[in-house]
Amino acid sequence: MDKTQAVQEPSIQVPALEVRGISKSYREKRRELPVLKDVSLSVAPGEFVSIVGPSGSGKSTLFHLIGGLTEPDQGQILLQGQDITGKKGHISYVPQQPALFPWRTIEDNVILAMEVFGVPVREVREEARKWMHRAGLGGFENSYPHKLSGGMQQRASFLRGLLGRQEVMCLDEPFSALDALTRSDMQHWLLNIWEENKRSVLFITHNIEEALLLSDTVYLFSSRPATVLHKVKVPFPRPRREEIAEDASFLALKRELTQYMREEQKKMLEGSR
Ligand SMILES: Nc1ncnc2c1ncn2[C@@H]1O[C@H](COP(=O)(O)OP(=O)(O)OP(=O)(O)O)[C@@H](O)[C@H]1O
Ligand SMILES: [Mg+2]
């Protein structure tokens with residue numbers, strides 16, 4: 001091989017996040033519930049990846065494993081090639097339930113992730129207030145979580161994840177409690193921020209249109225125990241326009257993925273009888 005050829009070889013890129021052969025069962029008394037079976041996926045640096053799968057299939061469990069909140073029976077979680085299996089604090093994580101601390105004000109909840117990273121307090125507060133205003137939480141900085149609606153709490157939890165300084169962000173249905181218009185605003189917002197900063201994102205959603213609008217790659221999970229059923233490269237150009245959702249090619253792909261999901265959902269429901 002001559003020198004020019006060597007230069008043209010694509011360099012092997014270490015994934016920002018790699019889930020390698022993960023299996024997990026929950027054990028309660030004498031019952032064993034297999035939840036994840038040999039799940040592998042990866043997020044390249046700056047990539048936006050979504051997971052879509054039936055309810056109860058094991059998606060949040062996978063995030064608990066990535067976040068180090070629980071340990072797998074088999075497999076590894078790698079962050080930039082380093083094994084972080086069972087270790088906490090390496091990713092920015094927005095859980096499915098907002099999980100705000102009830103004794104901290106909304107602003108103090110939002111700044112938590114930056115505080116942990118040792119960003120100077122004055123800087124942190126300024127940044128948090130700017131974002132809270134943009135997310136429709138202006139005026140609620142000093143309120144406590146129980147005074148906010150479910151959707152407002154979800155936005156505060158989303159902001160907390162967004163303002164974390166980790167390179168990889170894992171978002172578990174961050175917009176599920178929002179009305180269609182607010183959801184669409186938040187999606188745009190996330191897309192803009194992502195296009196500016198190109199953080200690596202792993203995003204769980206039930207909404208196939210949302211997955212196709214936001215992602216570079218979509219993984220479809222099977223019914224429980226979850227395996228990767230399909231990996232779909234999303235072919236639409238960036239920056240993504242909202243109107244893309246009306247294109248024939250978008251609608252055809254959406255229909256195809258919806259059909260797959262219907263079949264999996266049916267298997268889940270039949271299995272639970
Ligand atoms: N800590 C736990 N102990 C025992 N079983 C659990 C635990 N956490 C989750 N499960 C079970 O594991 C399965 C997968 O749950 P998980 O929350 O991962 O699903 P999901 O795909 O995120 O669902 P949804 O889309 O509804 O959020 C469910 O049957 C659930 O009851
Ligand atoms: Mg879940």
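## Confidence of the model

pLDDT is the predictor's confidence in each residue, on a scale from 0 to 100. The structure is a predicted model, in which local features need pLDDT of at least 70 and side-chain atom pairs count only at pLDDT 80 or more, while totals for chains, interfaces and linings use all residues. Residues are numbered from 1 along each chain as its sequence is written, and chains are lettered from A and ligands numbered from 1 in the order in which they are written.

The mean pLDDT of the chain is 90, and 95% of the residues reach at least 70. Confidence is highest in strand E4 (residues 74-79), at 98, and lowest in helix H1 (residues 3-8), with a mean of 46. Over residues 1-9 pLDDT stays under 50, and the model has one contact beyond four places in sequence for them; a contact requires C-beta atoms, placed from the backbone, within 7 Å.

## Overall dimensions

The chain holds nine helices and 10 strands, assigned as DSSP runs (H or I, at least four residues, for helices; E, at least two, for strands) and numbered from the N terminus. The C-alpha trace spans about 60 × 55 × 40 Å along its principal axes.

## The six-stranded sheet

Six strands form an open sheet with mixed pairing, in the order E6-E7-E8-E3-E9-E10. Strand E6 (92-94) and strand E10 (228-233) are the edges, each pairing on one side only. From one strand to the next the twist averages 15 degrees. Pairing here requires at least two DSSP bridges between two strands.

Strand E7 (residues 168-172) and strand E8 (residues 200-204) run parallel and are joined by five bridges. Asp-172 has Ile-204 in E8 as its bridge partner. Helix H6 (residues 150-162) lies across E6 and E7, at about 170 degrees to E6; axes are lines fitted to C-alpha atoms, for helices over the stretch in contact, and angles run from 0 to 180 degrees between N-to-C directions.

Definitions and conventions
Two residues are in contact if their C-beta atoms, placed from the backbone, lie within 7 Å.
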